[in-house]
Amino acid sequence: MKRLFHIFFCLFLLSVGYAQSTNDKFLQSQKAFNEKEYQVAIDFLKELMEEDPYNEYIHYNLANAYYQLGNVGESIYHYEKTLKINPDFEVAKVNLDFAKKMKVSDIKGNFEISQKQMFYQLFDVLSIRAWAILSIICSVLVLVSFSYYYFSNQSVSKKIGFSLAIAFFVIGLISVFITYHQKNYLTTYEMGIVIPKEVLMKEQPRESSKTKIKIIEGTKVLIQEQSQKWYKVKLVNDSIGWVKQNEIREL
């Protein structure tokens with residue numbers, strides 16, 4: 001028993017230490033940003049992003065730092081990523097509009113909202129982690145409710161225990177389904193942002209192919225197909241062509 005307690009105590013200390021380390025890095029990035037050391041802030045935030053890639057505040061702060069450096073592509077990408085994770089992040093919407101104004105030119109129009117995106121926005125009242133925790137809590141409550149039903153001697157208590165077990169089981173299943181869908185949405189790349197200053201859209205997925213149009217940094221594209229080192233993409237003006245994968249950052 002003492003050994004088990006020691007293991008849990010060590011795990012607790014490790015989790016506390018990890019949380020403290022993460023918080024320190026975030027504070028250091030904020031300090032660097034306030035002192036206008038934007039690249040230093042970016043370096044700290046990139047380390048945090050590797051540990052927590054779906055944290056909207058990390059992406060938002062990265063976008064702000066890149067904006068200050070005049071890096072349009074990276075700035076727009078991280079604002080878009082912020083809004084993919086949290087569509088209700090109003091300040092990110094405003095700043096995204098400012099970042100878009102830094103572009104040399106722009107292709108007018110908007111992509112239609114996909115079914116996956118609509119479903120994600122419907123259930124983004126909780127984060128993925130919160131939905132996952134809810135499913136775990138429901139699993140524990142199912143066991144507690146069933147135990148209450150099994151060991152109770154009164155018929156009324158048995159009915160209550162059984163009903164609660166069923167209710168928590170259903171809620172748990174729904175939470176698992178939502179967690180899976182939300183995670184799948186964030187890890188499935190339907191859209192992308194052009195990062196280089198200028199990208200050549202080709203008619204075919206090869207260097208020698210004829211150029212259809214030049215796309216500037218920060219342009220949002222719909223990824224339709226993949227072929228070796230190329231992406232077939234669609235623009236909001238319905239232009240379709242091929243661009244190199246390393247020129248597109250998937251959202």
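I began with L45 and found this residue in helix α2, residues 38-51; helices here are DSSP runs of H or I with at least four residues, numbered from the N terminus. I noted that the model is predicted, with local features needing pLDDT of at least 70 and side-chain atom pairs counting only at pLDDT 80 or more, while totals for chains, interfaces and linings use all residues. Residues are numbered from 1 along each chain as its sequence is written, and side-chain values use heavy atoms, without hydrogens and water.

Setting aside neighbours within four places in sequence, I listed F26, S29, I58, N61 and L62 as contacts of L45, where contact means heavy atoms within 4.5 Å. L62 is 17 residues from L45 in sequence, yet their C-alpha atoms are 6.5 Å apart in space.

I then turned to H59, which lies in helix α3, residues 56-68. H59 also has 2% relative accessibility and therefore counts as buried. Beyond its neighbours within four places in sequence, H59 touches M49, P53, H78, K81, T82 and I85.

Last, I checked how α3 meets helix α4, residues 72-85, and found that their axes come within 8 Å and cross at roughly 160 degrees (axes are lines fitted to C-alpha atoms over the stretch in contact, with angles from 0 to 180 degrees between N-to-C directions). I therefore recorded α3 as roughly antiparallel to α4, a term for angles over 145 degrees.

Definitions and conventions
Helix = DSSP H or I, 4+ residues; strand = E, 2+ residues; numbered from the N terminus. Buried < 20%, exposed > 50% of the residue type's maximum accessible area, 1.4 Å probe, protein only. Parallel < 35°, antiparallel > 145°, perpendicular 65-115°, else oblique.
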